[in-house]
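Opening the notebook on this one.

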Amino acid sequence: MVRLLRTNAFRLGALYLALFAASVLALLVFIYFSTADFIERQTEATIDAEITGLREQYEDRGLPGLLEIIHARSTAQHGNTSTLYLITDAALHPIAGNLSAWPQAQHIRAGWIGFPLEVRTRDGPVQSNALASVFVLPDGFRLLVGRDLRDASAFRSRITRTLGWSALLTVALGVAGGLFMTRNMLRRVDAVNRTSERIIRGDLTQRVPLTGSGDEFDQLAGNLNAMLDRIERLMLGMRQVTDNIAHDLRTPLSRLRARLEVTLLERPDAGRYAEALRETVAEADRLLGTFNALLSIAEAEAGSRRETMAVVDLAEIARSVGELYEPVADEKGLALTIDNDARLPVHGDRHLLSQALANLLDNALKYTPAGSVALRAHGVDGSARVEVADSGPGVPADRREAVFDRFVRLEGSRSTPGNGLGLSLVRAVAKLHGGEAWLEDNNPGLKAVLTLPMADRSALAATRNAA
Amino acid sequence: MKLLVIEDDREAAAYIAKGLSESGYVVDQVADGRSGLFMASSGHYDALIVDRMLPGMDGLALIAALRATEVRTPVLILSALGAVDDRVKGLRAGGDDYLVKPFAFRELLARIEALLRRGGGSTATTRLKVGDLEMDLLARAVTRGGQEIELLPREFRLLEFLMRHAGQVVTRTMLLENVWDYHFDPQTNVIDVHVSRLRQKIDKGFAKPLLHTVRGAGYCLRPD
């Protein structure tokens, strides 16, 4: 409960309740006063009408007629004394009517008086108030017509009571509703908090429950869950990468260590030592190369570069990489043809895409002893498709998937330099960009294909203009 | 030439200092960021070699602080963080070059030399000259001994970079980064092929070669 009092939701609820209660109260007060005023006016109107009627009777039939009517009305109303009549002479001695004496009246306003009244009822005398108007007849006689206000005040007190109850009910409902809503909100927030706490304690598989209503809380929960999914994916990716790196680097490191150890065991000889050191440096360089390649793959797989991606021109990247390798092909006597669309806007990372294309081209040039290599970049059905086709020995169909795995190299290619990570990077880069990479038969030779979803053409123009 | 090495890894710092001293530089070492900033602020150094992660004060913060106090000493950043974004951050903070650990010492040396020769108002230059090789940057024309040499755009940029660093050793990585803007290591020695093509164009038929290969390091364009 103390916690409830401290919550923001409760404070908000209380504030709303206060505002609500105040406005309901104002409304009730208004209803009360307008009703009371209406009743009073009604009473006055009744008395006025009565006096007007009696005066007309007096003017028509004189005093005896009036007395007769008063008498008749006073007795007819026996038991129902809500209308009061009294006629007195100039000295205020009663002559006729249902009041026994001229009352101890109090002047209220022009033409109106009020006085206390004792009414006899079946349950005994009851104290009440009356409102009356006095009409002075020409020969000094006075006519008093009034009304017992017992009914009016009963009605008024009933209204007061009703209004009081409704005010109380309103507040009670408000409090109950506020509590209900606050607790409801608290429960949703609590669910988020509980999940967060469990995650903080280390259980990253926890997710915030959704109610399925699609409201703000569900949206919040959904966003939190999406965030957690991403974090979990990244963490899993990182863990896998560190495992792999640890595993993959152990072999070359052992080899390095063995070479040094063997050198130490041999007879000391400056020449041999220098040779061993040179070999060690070369081995360390290869190791670093492998390490860097693994890091690039890890980075692409983790998707941490996705945030810095922009719209880039894949055609331009292909041209540029092709140009980098053109002299290499030339030197080897291979015909390298580059064929691309003018523009292929994709949403991506220029460095990683360049590296992926460089790896594909590097492979093609490395494994094609003679013939031709073609680099093509075209837009096909809304996606950008880059092909590197060669006339080399190709890859057997059953090995075309395996070579994308880390460190997988085909038999017979071990004599050529390479670390078996080139295609792994290509695939990781393709996946990072929401695309695909695979190998096909080129009849003869091999065709490596990389497809990426094409970005909006206008987006590229926009970034170009901005740059 | 006086250099300051700000590096907290003692072994690496000693190795760098030893190598630089052997190459003829006067080297001071300091192991933490605060003292490094203090010493670098004196302005007595010709270049600074700053490790990115330092105790006391981060390397990038140090460089930013130096630049804020108008100290324009060239800075080479050393870092284990090699992603393009990391480089960009380093260069934005005021670094002049960025070298990813681990590196070959010759790479470091080549880059330090490049930094020290910089600041000759290269932006205003419209003509470069190495021996009898001349480059007109405005007309984008190259001549050697008055004889015009036709170059492809990329070859032109490669030669321009070599000429701007004439007399210095330029590594393959430096070329790849500066001429092609690639920060990865192509498995085949593509740079060698490009350089040998350029050599064909500028040295073939001339008695004295200008473009020299420096074994185990890179290339050097010099008139002798």
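Predicted model: local features only at pLDDT ≥ 70, side-chain atom pairs only at ≥ 80, totals over all residues.

I began with a strand pair: β11(B) and β12 (residues 218-221) of chain B run antiparallel and share four bridges. For the record, strands are DSSP runs of E with at least two residues, helices are runs of H or I with at least four, and both are numbered from the N terminus. I call two strands paired if DSSP finds at least two bridges between them.

Which residue does B:T213 bridge to in β12(B)? I found B:Y219 there.

Residues are numbered from 1 along each chain as its sequence is written, with chains lettered from A and ligands numbered from 1 in the order in which they are written.

Next I traced the whole sheet. It is open, has three strands in the order β10-β12-β11 (chain B), and pairs antiparallel. I get an average twist of 35 degrees from one strand to the next; axes are lines fitted to C-alpha atoms, for helices over the stretch in contact, with angles from 0 to 180 degrees between N-to-C directions.

Last, the contact between chains. I count 21 residues from chain A and 17 residues from chain B, contact being C-beta atoms, placed from the backbone, within 7 Å. On the chain A side, α7(A) gives the most, with seven residues.

Note on methods:
Contact = placed C-beta atoms within 7 Å.
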